[in-house]
Amino acid sequence: MDKIEHKYIKVQGLNLHVAETGTGPNVVVFLHGFPEIWYSWRHQMVAVAAAGFRAIAPDYRGYGLSDPPAEPEKASFKDITNDLLATLDHLGINKVFLVAKDFGARPAYLFALLHPERVSGVITLGVPFIPPGTAEFHKSLPEGFYISRWQEPGRAEADFGRHDAKTVVRNIYILFSRSEIPIAPENKEIMDLVDASTPLPPWLTAEDLATYGALYEKSGFRTALQVPYRSIHEKFSLPELTVKVPALLILGEKDYFLKFPGIEDYIRSGKVKDFVPNLEIIRLSEGSHFVQEQSPEEVDQLVLTFLNKHV
């Protein structure tokens, strides 16, 4: 990681942390999910920089080393897209490839819809473009569905508050790397679904976990619970819903997200291409929710193939 440099950019009154490596004329911006951070792109950043690209990975406001907003409970996806635009303007970057994981797919695609002239292509891992306002997963899943639990004010705070940040991240990494949707019974909380003796996924080291733990120890989870979970139904004023730039969706076949009601059918039926006509879909048979950390070499190659094709 010594090749990766760190800086702070003043954006909308906040100091936002940006990790960066590479000096090529073509820029790739990596957008993380939860419980991730810039660090979750460590493998891909080094790989694309070695191939001649400039790699940038921000921590969203309220995440990791970036300042929290004054009112975390009012944070929004719109903030992320606005911060991204301001960051690119500050750095003098006109056009980028966006690579996004998990809920980062939403701001990536929103940015491509709002600022198509600034985007060369979009790669998302695990999550396709889902039109805003159509996510109704909770309606057909039990009360203990983790998103429903985390949307309830105070509940996740009390659940997480029983542990240090490192343990919370550890438990979520273990839960999210499984192929089943995390659902708690009535008498248990989401953190109770992981036993203290459960080992980490083999591709996540104790050092990796310590890095994540330290970053979330600094930021806490206030903003992370708001975006994405409590702002899932945020409304947007979009010029259209057709993403016209080239796109790639990398799916781990063992990603629990594919078991969300309607998701697999939405992808397999081809309906996703109604909104993203220039979409290529690649499935990794053993891939989990964290496919970019689980199989970095494979994901690096897929990312580089796409970048080189559309540069």
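**Figure 1. Strands S1 and S2 sit side by side in this predicted model.** Let's start with S1, which covers residues 5-11, and its partner S2: they run antiparallel and are joined by seven bridges. To find your place along the pair, look for His 6, which stands opposite Ala 19 in S2. The two strands form a hairpin with two residues between them. Check Gln 12 in that hairpin: Gln 12 takes a positive phi near 50°.

**Figure 2. S2 also pairs with strand S4.** Is S2 buried or exposed for the most part? Seven of the eight residues in S2 (residues 14-21) are buried, so the rest of the structure largely encloses this strand. S4 takes up residues 54-58, and four bridges tie it to S2 in the antiparallel sense. A handy landmark here is Thr 21, which stands opposite Ala 55 in S4.

**Figure 3. Eight strands come together in an open sheet.** Which strands are at the edges? They are S1 and S8 (279-284), and each of them pairs on one side only. On average, neighbouring strands in this sheet are turned by 20° against each other, with direction ignored. Helix H1 (residues 42-50) packs on the sheet, where H1 touches S2, S3 (27-31) and S4. The direction of H1 makes about 55° with that of S2. Helix H3 packs on the sheet too, touching S3, S5 (96-101), S6, S7 and S8. Compare H3 with S6 and you get an angle of about 160° between their directions.

**Figure 4. Strand S7 has a parallel partner in S6 and another in S8.** S6 (residues 119-125) and S7 (residues 247-252) run parallel and are joined by four bridges. Along this pair, Thr 124 stands opposite Leu 249 in S7. With S8, the pairing of S7 is again in the parallel sense, this time over six bridges.

**Figure 5. A look at which way the residues of S7 point.** In a regular strand, side chains alternate between the two faces of the sheet. In S7, Ala 247, Leu 249 and Leu 251 point one way, while Leu 248, Ile 250 and Gly 252 point the other way. Are these residues buried or exposed? All of them are buried. That's six of the six residues of S7, so the strand is largely enclosed by the rest of the structure.

**Figure 6. Val 245 lies in the loop between helix H8 (222-226) and S7.** The relative accessible area of Val 245 is 9%, under the 20% cut-off, so this residue counts as buried. What does Val 245 touch, leaving out residues up to four places away in sequence? Its contacts are Ala 112, Pro 116, Val 119, Ser 120, Gly 121, Val 122 and Asn 278. Lys 218, on the other hand, is 27 residues from Val 245 in sequence and 36 Å from it in space, C-alpha to C-alpha.

**Figure 7. Helices H2 and H3 cross each other.** H2 spans residues 77-91 and H3 spans residues 105-114; they pack at an angle of about 60°, with their axes 9 Å apart. That angle makes H2 oblique to H3. The crossing is right-handed. On the H2 side of the contact you'll find Phe 77, Ile 80, Thr 81, Leu 84, Leu 85 and Leu 88. They meet Arg 106, Pro 107, Leu 110 and Phe 111 in H3. Sort the residues of this contact by type and you get eight nonpolar, one polar and one charged.

**Figure 8. Helices H6 and H7 make another crossing pair.** H6 (residues 165-176) and H7 (residues 206-219) pack at an angle of about 125°, and their axes are 8 Å apart. The two helices are therefore oblique to each other. H6 passes H7 in a right-handed crossing. Which residues of H6 take part in the contact? They are Ala 165, Lys 166, Val 169, Arg 170 and Tyr 173. Their counterparts in H7 are Leu 209, Ala 210, Tyr 212, Gly 213, Tyr 216 and Glu 217. By type, the residues of this contact split into seven nonpolar, one polar and three charged.

Definitions and conventions: Residues are numbered from 1 along each chain as its sequence is written. This is a predicted model: local features need pLDDT of at least 70, side-chain atom pairs count only at pLDDT 80 or more; totals for chains, interfaces and linings use all residues. Side-chain values use heavy atoms; hydrogens and water are left out. Axes are lines fitted to C-alpha atoms, for helices over the stretch in contact, and angles run from 0 to 180 degrees between N-to-C directions. Angles under 35 degrees count as roughly parallel, over 145 as roughly antiparallel, 65 to 115 as roughly perpendicular and the rest as oblique. A crossing is left-handed if the near helix is turned anticlockwise from the far one by less than a right angle, and right-handed if clockwise. Contact means heavy atoms within 4.5 Å. Ala, Val, Leu, Ile, Met, Phe, Trp, Tyr, Cys and Pro count as nonpolar, Asp, Glu, Lys and Arg as charged, and the others, Gly among them, as polar. Buried means under 20% relative accessible area, exposed over 50%, partly exposed in between (1.4 Å probe, protein chains only). Two strands pair if DSSP finds at least two bridges between them.
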